[in-house]
Amino acid sequence: MTQTIEPSTTATTTASGLRSLYLIRVIFSLIWVALVFTTSVTLVSTDRPTPIAAVLLIVYPLWDVVATLLERRMAGTGSTNHVSTINVALGLVTTIGMIIAVFSTIGTALLVFGIWALLSGAIQLVVAIRRRRTIGAQWPMIISGGLSVLAGLNFAAMSASATSGLSTVAGYSAFGAFWFLVSVIVLSIRSRRAKR
């Protein structure tokens, strides 16, 4: 027997799942930022990453891969699946790039991080623009994606500066957590309005 799910039910389920996932992403980012600030904030471009900094830098894009796979499962099939496949591949390539970069300098890691932030921000923009038609309330993710593109350009440019450090990446992650939290709030408001 095939179960038929009304589009509105699917959209509500997806919105509810996204809220939960976005909240998990907020918590992960805040923990990650706290760990960077307590262990690695003094490292600058010319420094070699400490073992703790290396783990933090590798885990960040790897977590994004896991979160994208979870989000993809919630969203089901469709055009965003092609985009999420690209995002997963990009995250895995970035993780490998970061594994290589942490044996060099913080500056090299910043360059890898910058390229990844730029490309993943562009992907986030595409997904949010497509998703706004079915789920709605995607303007925080559109803003976040656009800002990620700009931050990526900035990180890539800063990677050559001797004074750039991991504090800028921690700031980026904290700002990303803020936009995920805004998305949780906006999706919750939209869900309550839809139930009326």
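Setting aside residues up to four places away in sequence, Ser 45 touches Thr 105, Ile 106, Gly 107, Leu 110, Met 158, Ser 159, Ser 161, Ala 162 and Ser 164 (contact means heavy atoms within 4.5 Å). Please keep in mind that this is a predicted model, where local features need pLDDT of at least 70 and side-chain atom pairs count only at pLDDT 80 or more, while totals for chains, interfaces and linings use all residues. Residues are numbered from 1 along each chain as its sequence is written, and side-chain values use heavy atoms, with hydrogens and water left out.

**Overall picture**

- The protein has six helices and zero strands, where helices (H or I, at least four residues) and strands (E, at least two) are DSSP runs numbered from the N terminus.
- Along the sequence, the pattern reads α-α-α-α-α-α.
- Of the 196 residues, 46% are buried (buried means under 20% relative accessible area, exposed over 50%, and partly exposed in between, with a 1.4 Å probe and protein chains only).
- Among contacts between residues at least 6 apart in sequence, 79% join residues at least 24 apart.
- The accessible surface comes to about 10100 Å², and carbon and sulfur atoms account for 69% of it (areas come from the Shrake-Rupley method with a 1.4 Å probe, and for residues only the protein chains shown count as cover).

**Confidence**

- The mean pLDDT is 83, with 87% of residues at 70 or more; pLDDT is the predictor's confidence in each residue, from 0 to 100.
- Helix α2 (residues 51–75) has the highest confidence, at a mean of 90, and helix α1 (residues 7–39) the lowest, at 80.
- Residues 1–10 have pLDDT below 50, and this stretch has one contact in the model beyond near neighbours in sequence.

- Ser 45 sits in the loop between α1 and α2 and is buried, with a relative accessible area of 5%.
- A polar atom of the Ser 45 side chain lies 2.7 Å from the backbone oxygen of Ser 161. A polar contact is a pair of N or O atoms within 3.5 Å; within protein, one must be able to donate a hydrogen and the other to accept it, and residues adjacent in sequence count only if both atoms are side-chain atoms.
- Thr 105 belongs to the loop between α3 (79–101) and α4 (106–131), and is partly exposed at 24% relative accessibility.
- The side chain of Thr 105 has a polar atom 3.5 Å from the backbone oxygen of Ser 45.
- Beyond neighbours within four places in sequence, Thr 105 contacts Ser 45, Thr 46, Asp 47, Arg 48 and Pro 49.

**A salt bridge between helices**

- The count comes to one salt bridge, defined as a side-chain nitrogen of Lys or Arg within 4 Å of a carboxyl oxygen of Asp or Glu.
- Arg 25 and Asp 64 form this salt bridge, at 2.4 Å from N to O.
- Arg 25 is in helix α1 and Asp 64 in helix α2, so the pair ties together parts 39 residues apart in sequence.
- Both Arg 25 and Asp 64 are buried.

**A nonpolar surface patch**

- Leu 23, Ile 27, Ile 31, Leu 35, Leu 181, Ile 185 and Ile 189 make up a nonpolar patch with about 580 Å² of accessible area together. Patches are made of residues with over 30% relative accessible area and no salt bridge, joining like charges within 9 Å and nonpolar side chains (Val, Leu, Ile, Met, Phe, Trp, Tyr) within 5 Å.
- The elements giving two or more residues to the patch are α1 and α6 (166–195), and α1 gives the most, with four.
- Leu 23, in helix α1, is partly exposed at 38% relative accessibility.
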